[in-house]
Amino acid sequence: MQSIGRTRTQSRPSRSVNLGGMDYADPKRKRNFVGKVALAAILTTVCILVLKKSSFNYTSPFSLREQGVTHVLVTGGAGYIGSHATLRLLKDGYRVTIVDNLSRGNIGAVKILQELFPEPGRLQFIYADLGDAKAVNKIFSENAFDAVMHFAAVAYVGESTMYPLNTCATYGEPEKMPITEETTQVPINPYGKAKKMAEDMILDFSKTSDMAVMILRYFNVIGSDPEGRLGESPPPELREHGRISGACFDAARGIMPGLKVKGTDYKTHDGTCIRDYIDVTDLVDAHVKALEKAEPGKVGIYNVGTGKGRSVKEFVEACKRATGVAIKVDYLPRRPGDYAEVYSDPTKIRNELNWTARYTDLQESLQVAWRWQKAHRDGYGTPSVMAS
């Protein structure tokens with residue numbers, strides 16, 4: 001053990017001496033240590049300020065109104081029509097918020113849209129049920145919407161007959177064709193009745209509001225995104241009640257043993273129902289034009305169709321040609337709630353919104369949709385590569 005009082009003739013480097021577990025450095029090293037502590041404290045303070053600014057005081061672009069940017073709430077935006085509308089809005093530079101409870105929609109469609117438009121402030125998805133008033137109030141309190149496109153609905157006629165308490169078919173069985181916006185609305189199935197009730201509520205609300213209201217009454221929707229990014233993929237349990245195009249494709253792919261056509265004794269040229277088939281791309285275009293032309297305090301009501309009726313038998317033959325498959329067809333009795341003939345007169349929407357259906361070749365629209373179906377055997381699951 002060294003003696004503390006011992007003298008040295010040789011100098012040595014300064015060092016700290018341990019006394020009771022504490023280090024006492026020489027003054028020079030102490031000043032260096034204090035400087036490092038001060039620098040660390042400054043850097044910590046800066047980091048905290050940055051974090052506060054970027055996290056704690058972060059303001060979402062969806063909660064702000066930005067000049068030149070229109071923020072559209074798309075309800076049911078994960079569904080067939082809603083997803084195509086969202087795609088078009090995003091392509092046109094709109095900001096979009098999708099609200100969907102995914103009971104009918106596909107999260108896969110939302111993911112595709114997010115991949116196509118990854119820029120911040122372009123697209124957000126909110127999982128919520130529009131029947132939950134608290135959730136709806138929260139959505140509107142946290143977001144600055146300029147417009148709403150409402151697609152969230154239960155939209156199958158057959159299902160509405162089985163389950164009447166769900167929500168097109170507002171005209172019922174008209175006495176005169178084609179249908180204009182002035183045609184009397186006398187719906188004959190629960191779907192049409194619920195749809196008309198919704199319209200009536202909107203019209204009543206508009207009488208005491210300066211909100212711009214556009215009501216689009218469209219017909220049988222077919223087709224898909226021409227570039228193959230989106231398509232129609234109903235839940236398996238709803239295929240029986242779905243659109244005839246989906247039923248045709250299921251039969252062509254062998255998912256179903258054949259196609260069931262319900263009703264061959266209607267007063268039409270071949271005994272099957274006649275419908276106006278509107279391509280989803282045209283339908284979405286009508287919505288965008290309606291949004292552009294909407295005026296505060298005014299209500300616009302428009303039929304969105306081709307103005308031409310095609311029978312179910314004609315549709316089936318077009319689907320056979322589009323798919324190249326000899327689809328087996330079973331003809332069955334009428335389905336409750338169906339009507340013989342419905343097609344539109346699109347004169348008003350052409351004159352007032354400058355809209356005209358462009359994709360009117362039935363077989364071509366089905367071919368476009370068929371390409372997506374072939375490439376997505378599992379819907380929005382894993383895409384597959386199939387021969388054309």
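Q: Which strands pair in the parallel sense over 5 bridges?
A: Two strands count as paired if DSSP finds at least two bridges between them. Here that's strand β4 (residues 95-100) with strand β5 (residues 123-127). Inside that pairing, Val99 sits opposite Ile126 in β5. The labels are DSSP runs numbered from the N terminus: helices are H or I with at least four residues, strands are E with at least two.

Q: What do β4, helix α3 and β5 make?
A: For handedness, look with the strands pointing away from you: a crossover is right-handed if the path from the first strand over the helix to the second runs clockwise. β4, helix α3 (residues 107-116) and β5 make a right-handed β-α-β unit.

Q: In what order do the 3 strands of the open sheet come?
A: The order is β13-β10-β15, with mixed pairing. β13 (310-311) and β15 (341-342) are the edge strands, each pairing on one side only. Strand β10 (residues 274-275) runs antiparallel to β13, joined by 2 bridges, and Arg275 has Arg310 in β13 as its bridge partner.

Q: What about confidence?
A: This is a predicted model, where local features need pLDDT of at least 70 and side-chain atom pairs count only at pLDDT 80 or more, while totals for chains, interfaces and linings use all residues. Residues are numbered from 1 along each chain as its sequence is written, and side-chain values use heavy atoms, leaving out hydrogens and water. pLDDT is the predictor's confidence in each residue, from 0 to 100. The chain averages 83, and 75% of the residues score at least 70. Over residues 1-25 the pLDDT is below 50, and this stretch has 11 contacts beyond near neighbours in sequence (contact means heavy atoms within 4.5 Å).
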